[in-house]
Amino acid sequence: MDWMAWTWPTAAFFATIAALLVVFTVLAIRFPETPRMGVLRIETTRGDRLFITLLGSAFINLAWLGLVGQAQPAALIVCLIYAGAVFRWV
Amino acid sequence: MNKTVNHKAWFLVLPVLVLVAFSAVIPLMTVVNYSVQDTFGNNQFFWAGLEWFEEMLHDDRMWNALQRQLMFSGIILAIEVPLGIFVALNMPKSGLWASFCLVLMSLPLLIPWNVVGTIWQVFGRVDIGLLGHTLEALGIDYNYTQNTVAAWITIVVMDVWHWTSLVALLAYAGLKSIPDAYYQAAKIDQASRWKVFRYIELPKMAGVLMIAILLRFMDSFMIYTEPFVVTGGGPGNATTLLSIDLVKMALGQFDLGPAAAFSIMYFLVILLISWVFYTIMTNLDKKGM
């Protein structure tokens with residue numbers, strides 16, 4: 001695995017995403033849901049909203065890095081607010 | 001009645017999962033690992049944090065390449081989609097000519113990218129190429145190795161030549177699936193040719209056209225071989241599109257960290273655009289188009 005140049009932060013990053021995927025898969029099996037129509041006028045399930053959250057969070061972090069600089073904890077707070085909004089209204 | 005629950009089907013998708021893991025997920029994870037480190041080779045890495053991302057976000061080089069890339073994709077879509085529809089509308093619908101046209105249209109799609117690049121590189125040369133020599137004989141200043149406009153025209157025309165067929169074939173398939181009853185109803189209503197196109201053919205083609213636009217956008221957004229063979233990214237950096245710039249950075253300069261940060265941002269843009277197209281397509285499907 002040396003060639004993959006693993007570091008603890010990147011391992012933690014991927015572990016978090018993997019854990020999220022597992023949790024949402026279990027949720028989808030245990031508590032199936034019907035897609036709903038949100039503010040984007042598209043039908044979304046929990047999985048779709050997770051995808052929108054993760055992708056949007058990546059862009060929020062990049063925008064923060066470009067405009068504010070390396071202050072990622074603050075960007076993560078914005079991401080959490082964004083995630084809440086996505087799960088509530090999208 | 002109770003449905004039989006059987007999870008054996010999951011084993012059937014296992015080979016695909018393994019393939020995707022080795023061809024996409026593991027390389028992507030490695031790129032993420034590289035993007036937060038610096039290396040001078042010899043498999044030694046030094047932690048750099050988010051430095052490369054910050055550097056790339058403030059680097060004009062990436063933004064300029066992105067601008068050129070969006071311009072390229074925009075231009076070829078604006079030409080290939082209407083042209084492909086026009087060709088499809090004028091192709092014979094049945095008989096020997098229809099088969100002949102289909103084979104003819106498929107030919108450019110069968111040619112490998114580097115061969116297409118070589119064809120156009122020779123074709124456009126002023127000294128030995130038919131196109132370049134003819135244009136020069138007509139008194140038109142055309143030299144794709146020195147003139148930015150000529151270089152852009154060459155790579156755009158090359159892409160249009162190579163890929164319009166794909167749009168045309170998809171649009172043709174969409175047109176063929178329209179039942180005759182629609183045309184008969186339009187004829188009874190004395191609808192004009194434009195109205196038949198606008199209210200019957202175009203809505204019925206919407207689904208396949210979205211696929212065509214998605215395929216052409218993605219492919220043009222990732223284009224490397226053809227412009228690299230023809231112009232090598234020049235003159236200067238005039239035709240250095242995103243992937244050409246990325247390869248120059250990663251393999252030419254061996255700046256693996258910045259190149260990894262660059263490729264992750266490139267990947268995120270592609271992912272976002274693919275998701276938008278996918279959402280539009282599934283919504284069209286739900287509307288039965």
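A: What follows begins with the chain as a whole, turns to the salt bridges, and ends with the surface and the contact between the chains. The model is predicted, so that local features need pLDDT of at least 70 and side-chain atom pairs count only at pLDDT 80 or more, while totals for chains, interfaces and linings use all residues. Residues are numbered from 1 along each chain as its sequence is written, chains are lettered from A and ligands numbered from 1 in the order in which they are written, and side-chain values use heavy atoms, with hydrogens and water left out.

Chain B has 12 helices and two strands, where helices (H or I, at least four residues) and strands (E, at least two) are DSSP runs numbered from the N terminus. Read from the N terminus, the order is α-β-β-α-α-α-α-α-α-α-α-α-α-α, and the C-alpha trace of chain B spans about 80 × 75 × 30 Å along its principal axes. Of the 289 residues in chain B, 40% are buried; here buried means under 20% relative accessible area, exposed means over 50%, and partly exposed lies in between, with a 1.4 Å probe and protein chains only. Among contacts in chain B between residues at least 6 apart in sequence, 67% join residues at least 24 apart, a contact being heavy atoms within 4.5 Å.

Over all chains, the structure holds seven salt bridges, each defined as a side-chain nitrogen of Lys or Arg within 4 Å of a carboxyl oxygen of Asp or Glu. One of them joins B:Glu80 and B:Arg216, with 2.8 Å from N to O. Because B:Glu80 belongs to helix H3 (residues 60–90) of chain B and B:Arg216 to helix H9 (residues 193–221) of chain B, this pair ties together parts that are 136 residues apart in sequence. Both B:Glu80 and B:Arg216 are buried, and for B:Arg216 the relative accessible area is 1%.

B:Arg216 also forms a salt bridge with B:Asp219, with 3.3 Å between the closest N and O atoms. These two residues, B:Arg216 and B:Asp219, are three residues apart in helix H9 of chain B, so about one helical turn separates them. B:Asp219 is partly exposed, at 26% relative accessibility.

Another salt bridge is formed by B:Arg193 and B:Glu201, whose closest N and O atoms are 3.2 Å apart. Here B:Arg193 counts as partly exposed, at 49% relative accessibility, whereas B:Glu201 counts as buried, at 5%.

The surface of chain B shows another kind of grouping. Its accessible surface comes to about 16200 Å², of which 69% belongs to carbon and sulfur atoms; such areas come from the Shrake-Rupley method with a 1.4 Å probe, and for residues only the protein chains shown count as cover. B:Trp10, B:Phe11, B:Val13, B:Leu14, B:Leu17, B:Val18 and B:Phe22 form a nonpolar patch with about 780 Å² of accessible area together. Patches consist of residues with over 30% relative accessible area and no salt bridge, like charges being joined within 9 Å and nonpolar side chains (Val, Leu, Ile, Met, Phe, Trp, Tyr) within 5 Å.

Between the chains, 25 residues of chain A are in contact with 26 residues of chain B. The area buried between chain A and chain B is about 2200 Å², with carbon and sulfur atoms giving 75% of it; buried area is the accessible area (1.4 Å probe) that two parts lose on being put together, summed over both. Across this interface the rule finds zero salt bridges, although six residue pairs of chain A and chain B are in polar contact, both residues at pLDDT 80 or more. A polar contact is a pair of N or O atoms within 3.5 Å; within protein, one must be able to donate a hydrogen and the other to accept it, and residues adjacent in sequence count only if both atoms are side-chain atoms.
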